[in-house]
Amino acid sequence: MAMTDKRSTARPAAPRPRPGPPGRRARPSRQRLLPWAMIAPAVVALLLIQGYPLVRLLVLSTQDFGPRSLFTGQADFVGLGNFTEVFGDPDFRAVLVRTVVFTVLCVALLMVLGFLLSHLLTGVAPWARVMTTVCLVLVWAMPMVAATLVWQWMYQPQYGVANWLLTKLRIFGDLSAYDWFSHPNQALGLIILLTVWKGLPFVALTLFAARGQISESLYEAARLDGAGTLQTFRHITVPILRPVLAILTVLEVIWSMNSFTPIWVLTQGGPDGRTTTLGVLAYLTAFSRNDYGSGASIAVVTVLILAVFSVFYVRRISDQAEQGGTA
Amino acid sequence: MSPSMTPARRRRAANNGIAVVVSAVMIFPVYWMLATAFKQRGHILSAVPQFFPWPISLENFRRALGKPHFWVFVGNSLTVTLSSVVLSLVIALFAAIAIARFRFHGRRALMAVLVLVQMVPMSAMVIPVYLMLRSINALDYLPGLVLTYMTFVLPFTIWTLRGFVEGVPVELEEAALVDGCGRLQMYVRVLLPLLMPGIVATSIFAFVNAWDDYLFAYVIMKSQANYTLPVWLVSFKTAESVDYGAMIAASTIFSIPVLVFFLLVQRRLVGGMTSGAVKG
């Protein structure tokens with residue numbers, strides 16, 4: 001029973017035993033080996049390109065691996081020394097808090113705006129839906145590197161279109177020649193804006209696709225019973241979409257927390273290290289300060305934080321996949 | 001709005017209006033990239049922004065393409081990206097079929113691992129990968145970068161293809177087997193054609209992820225001859241005086257293939273991602 005076509009086994013017993021595909025019973029051992037042979041290349045590749053680096057990362061986080069180790073290949077074992085050192089550093093704690101705040105803000109904005117946008121898409125004329133979808137897909141498709149450079153250009157102090165527009169709108173007073181990236185909070189705000197802008201299409205389109213699977217009759221019944229928009233949200237849309245919402249939230253947490261390119265390209269973690277997040281800090285520690293051990297331990301901390309979310313995510317997904325497979 | 005409109009129609013008209021505004025706000029940065037790229041040089045750095053690029057000029061593109069080694073970077077990016085996608089696809093196809101169609105010991109564990117490894121941040125992987133490539137003298141070497149890209153392309157490809165394989169009714173395969181088709185023949189003649197759209201969508205998405213990588217290429221590729229396009233693009237920004245026209249034109253060249261790809265497979269992408277990862 002180790003290997004059978006899984007949907008046929010899951011089916012209720014047929015009245016008569018169905019003839020198995022030719023050759024299946026004749027060569028059971030070869031058949032049993034087939035799935036193993038099929039996954040073998042993937043397993044070998046994953047061990048090589050994921051397994052080995054991950055083990056190396058863990059080992060590295062317990063070593064004093066400096067520039068000299070690069071050449072000798074030797075590094076002293078320091079146990080949890082890197083971790084106690086890292087956690088004892090007030091800068092690290094500030095970065096940790098900043099990363100959490102950054103992630104929470106990005107994810108909250110993404111989920112709320114994405115939900116509203118998906119709702120909007122259900123209530124517009126077909127032409128407006130097509131137009132909005134095309135715009136969203138184009139934003140989704142924009143490569144992050146290009147989007148970041150466009151951001152850089154739009155918020156250029158003297159000639160950027162944003163400062164001109166904001167000055168004209170008179171919301172924040174005269175912003176001509178205002179340098180966003182030399183103010184830490186404003187710079188971080190722009191990075192959040194970029195992350196949310198770039199991530200919104202995926203959330204909105206996924207929710208819209210999931211929303212399309214909810215029967216319209218549910219909404220009609222609710223409307224007949226006098227339910228308003230907010231009530232249908234609370235009692236129909238959100239409960240039914242809960243699994244999708246949960247998975248999207250976890251995915252966005254991971255993606256926001258791992259965001260590197262926008263921060264690195266726009267501010268390099270500055271000014272004064274005040275837009276640095278965990279990813280940037282790990283990079284800087286390893287490659288600028290040549291302290292690969294501490295860099296690795298910061299990366300391990302990041303992975304551990306995400307693992308807490310991932311456990312939840314994996315359980316959910318593999319349960320669902322299992323149901324999907326055998327149902 | 002005419003007074004004869006019913007409340008429902010009025011609400012829809014208001015929604016359409018909101019949709020127009022949202023679309024305009026969302027698309028503006030993309031538009032601004034294109035508009036800037038096609039402007040005349042003198043119209044880029046102007047106190048009052050020019051909202052429509054007129055007269056249209058290809059001068060920025062000419063300057064961007066005229067930078068030394070541009071075609072080398074295009075070649076590097078294409079080589080590395082396509083190699084990692086094609087290699088991953090071949091390995092992933094077998095694994096995806098096995099996971100979707102067979103039960104075997106360790107199947108659940110393998111699926112869990114596939115999801116988990118996709119959560120390891122690139123900025124965490126870059127440290128051990130750098131040291132690993134360094135110890136085998138593969139830094140600053142294109143095949144080293146291919147291997148690096150496979151760290152995120154491969155798990156993603158297996159996972160997404162698995163979703164697409166599950167979307168193909170197993171009855172079709174069983175019918176082919178009953179009709180005396182061999183297993184391999186059945187995969188080639190029945191499953192593969194049905195899977196083709198999924199394979200295309202998955203490879204495009206994988207392509208875009210690798211195409212857009214900046215971090216690994218930046219850390220691993222040190223000599224200019226080995227730069228990929230993202231590293232080259234960012235180097236515009238760090239030049240002493242930024243040539244915004246050329247930088248944005250170069251970003252446009254870099255983005256156009258991806259924008260076109262996405263529009264072509266957009267429908268399948270949303271469906272595929274949600275059926276593979278998310279079951280609504």
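1. Helix axes here are lines fitted to C-alpha atoms over the stretch in contact, and the angle between two of them runs from 0 to 180 degrees between N-to-C directions. The model is predicted.

2. On that basis, helix 7 (residues 170-178) and helix 8 (residues 183-211) of chain B have axes that come within 10 Å and cross at roughly 140 degrees. Helix 7 of chain B is therefore oblique to helix 8 of chain B, since angles over 145 degrees would be needed for roughly antiparallel. The crossing of these two helices of chain B is right-handed. Helix 7 of chain B contributes B:L172, B:E173, B:A176 and B:L177 to the contact, and helix 8 of chain B contributes B:M186, B:V190 and B:L191. By class, this contact of helix 7 with helix 8 of chain B holds six nonpolar residues, one charged residue and no polar ones.

3. Chain A has a crossing of its own to consider. The axes of helix 5 (residues 90-122) and helix 11 (residues 229-257) of chain A come within 9 Å, at an angle of roughly 135 degrees. Helix 5 and helix 11 of chain A are therefore oblique to each other, and their crossing is right-handed. On helix 5 of chain A the contact residues are A:T99, A:F102, A:T103, A:C106, A:V107, A:L110 and A:M111; on helix 11 of chain A they are A:L248, A:T249, A:E252, A:V253, A:S256 and A:M257. Eight residues of this contact between helix 5 and helix 11 of chain A are nonpolar, four are polar and one is charged.

4. How many residues does each chain give to the contact between chain A and chain B? Chain B gives 89 residues and chain A gives 88 residues. On the side of chain B that touches chain A, helix 11 (residues 244-277) of chain B gives the most, with 16 residues. That side of chain B divides into 65 nonpolar, 15 polar and nine charged residues.

5. An unreviewed UniProt entry places the feature "transmembrane region" at several spans of chain B, including residues 12-34 and 186-208. Residues 12-34 of chain B are 100% helix and 0% strand, with end C-alpha atoms 32 Å apart. Residues 186-208 of chain B are also 100% helix and 0% strand, with end C-alpha atoms 31 Å apart.

6. Some backbone details in loops deserve a look. The peptide bond from A:G270 to A:P271 is cis, with omega near 0 degrees; A:P271 is in the loop between helix 12 (261-266) and helix 13 (278-288) of chain A. B:W54 and B:P55 are joined by a cis peptide bond with omega about -5 degrees, and B:P55 lies in the loop between helix 1 and helix 2 of chain B. B:H69, a residue other than glycine, has a positive phi, near 70 degrees. B:H69 is found in the loop between helix 2 and helix 3 (70-101) of chain B.

Notes: Residues are numbered from 1 along each chain as its sequence is written. Chains are lettered from A and ligands numbered from 1 in the order in which they are written. This is a predicted model: local features need pLDDT of at least 70, side-chain atom pairs count only at pLDDT 80 or more; totals for chains, interfaces and linings use all residues. Two residues are in contact if their C-beta atoms, placed from the backbone, lie within 7 Å. Helices (H or I, at least four residues) and strands (E, at least two) are DSSP runs, numbered from the N terminus. Ala, Val, Leu, Ile, Met, Phe, Trp, Tyr, Cys and Pro count as nonpolar, Asp, Glu, Lys and Arg as charged, and the others, Gly among them, as polar. Angles under 35 degrees count as roughly parallel, over 145 as roughly antiparallel, 65 to 115 as roughly perpendicular and the rest as oblique. A crossing is left-handed if the near helix is turned anticlockwise from the far one by less than a right angle, and right-handed if clockwise. UniProt positions are given in the numbering used here, feature names are shortened, and annotations may be inferred rather than shown by experiment.
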